Amino acid sequence: MDYRAAICDDSTADTGFVEEILKAWAAERQVNLTVETFHSAESFLFRYAEEKNFDVLLLDIEMGAMDGVTMAKRVRRDNETVQIVFITGYSDYIAEGYEVAALHYLMKPVSREKLFSVLDRALEKGRQNERFLNLELSGEMVRLPFYEIRYLDVLKNYVTVHAKQDYTVKRSLSEFEAELDERFCRVGRGMILNLRMVRRVTKKEVILSDGTVLPLPRGAYEPLNRAIIERT
């Protein structure tokens, strides 16, 4: 398969070292890899304005005028699927990484084994992002990426799929449950949640990453927490 990676680090030595590991990983995994390297966040964003189809970004944090976290936030404004990995000599920024849904932090010096493991995860998550839910609506077919779906709920014989916009179709929730993958969890009789959209769970409600608050059915708290731990 084809795979595109970008390395952004103001250290030429570190950039070359990570690039060597990337190419070794690609050779072992039989991945057709294209790597581009950048020595500042600004130079990457200039390139990114022309070409956005990167699969993974490996970013240093401490760079020149713009740091890696700020750069990642700009990328995340219009790209939810690219995998972001921070490679840094500092652990102070880990909390900020949650804001951009960073896949992982690696501390310098990077080990081949750890980077291989993270790249394997990035590749798998990318493959998952390629999955779609097909919806027939008013005589047309809508292909909805799994990663855009926040939750589904049912009212009588109709299910509404809540994504960037809402889609309501006459189907059973069980039919959708059979089509979705392990990132989704049935909650009670009337709702399916995308576990990766869940920010917080209380005894009575679920808060999603966009601030949506959903009531939690009685008895669903412990099974939902267990599913989050096991599947995400």
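Okay, so "contact" here means heavy atoms within 4.5 Å. Helices (H or I, at least four residues) and strands (E, at least two) are DSSP runs, numbered from the N terminus. One caution: this is a predicted model, where local features need pLDDT of at least 70, side-chain atom pairs count only at pLDDT 80 or more, and totals for chains, interfaces and linings use all residues. Residues are numbered from 1 along each chain as its sequence is written, and side-chain values use heavy atoms, with hydrogens and water left out.

Now, empty space. Rolling a probe the size of a water molecule over the atoms shows where it is left. On a 1 Å grid over the protein atoms alone, a cavity is a set of points where a 1.4 Å probe fits but cannot get out, while a pocket is an open set with protein on both sides within 12 Å along at least five of seven lines; lining residues have an atom within 4 Å of a point. Grid points are joined across faces, edges and corners, and a volume is the space filled by probe spheres set on the points.

The structure has one cavity of 30 Å³ or more, and the largest cavity comes out at about 30 Å³. Among the residues lining it are Ile 7, Asp 9 and Ile 87. Helix 1 supplies the largest share of that lining, three residues.

Next, the second largest pocket, with a volume of about 290 Å³. It has 18 lining residues, and the closest to its centre are Asp 55, Thr 81, Gly 126, Asn 129 and Glu 130. Helix 5 gives the most to this lining, four residues.

Last up is Gln 83, in strand 4 (residues 83-88). Buried or exposed, this Gln 83? Buried, with a relative accessible area of 6%. A polar atom of the Gln 83 side chain lies 3.0 Å from the backbone oxygen of Thr 81. Leaving out residues up to four places away in sequence, Gln 83 touches several others, including Asp 55, Leu 103 and Asn 129.

Notes
Buried means under 20% relative accessible area, exposed over 50%, partly exposed in between (1.4 Å probe, protein chains only). A polar contact is a pair of N or O atoms within 3.5 Å; within protein, one must be able to donate a hydrogen and the other to accept it, and residues adjacent in sequence count only if both atoms are side-chain atoms.
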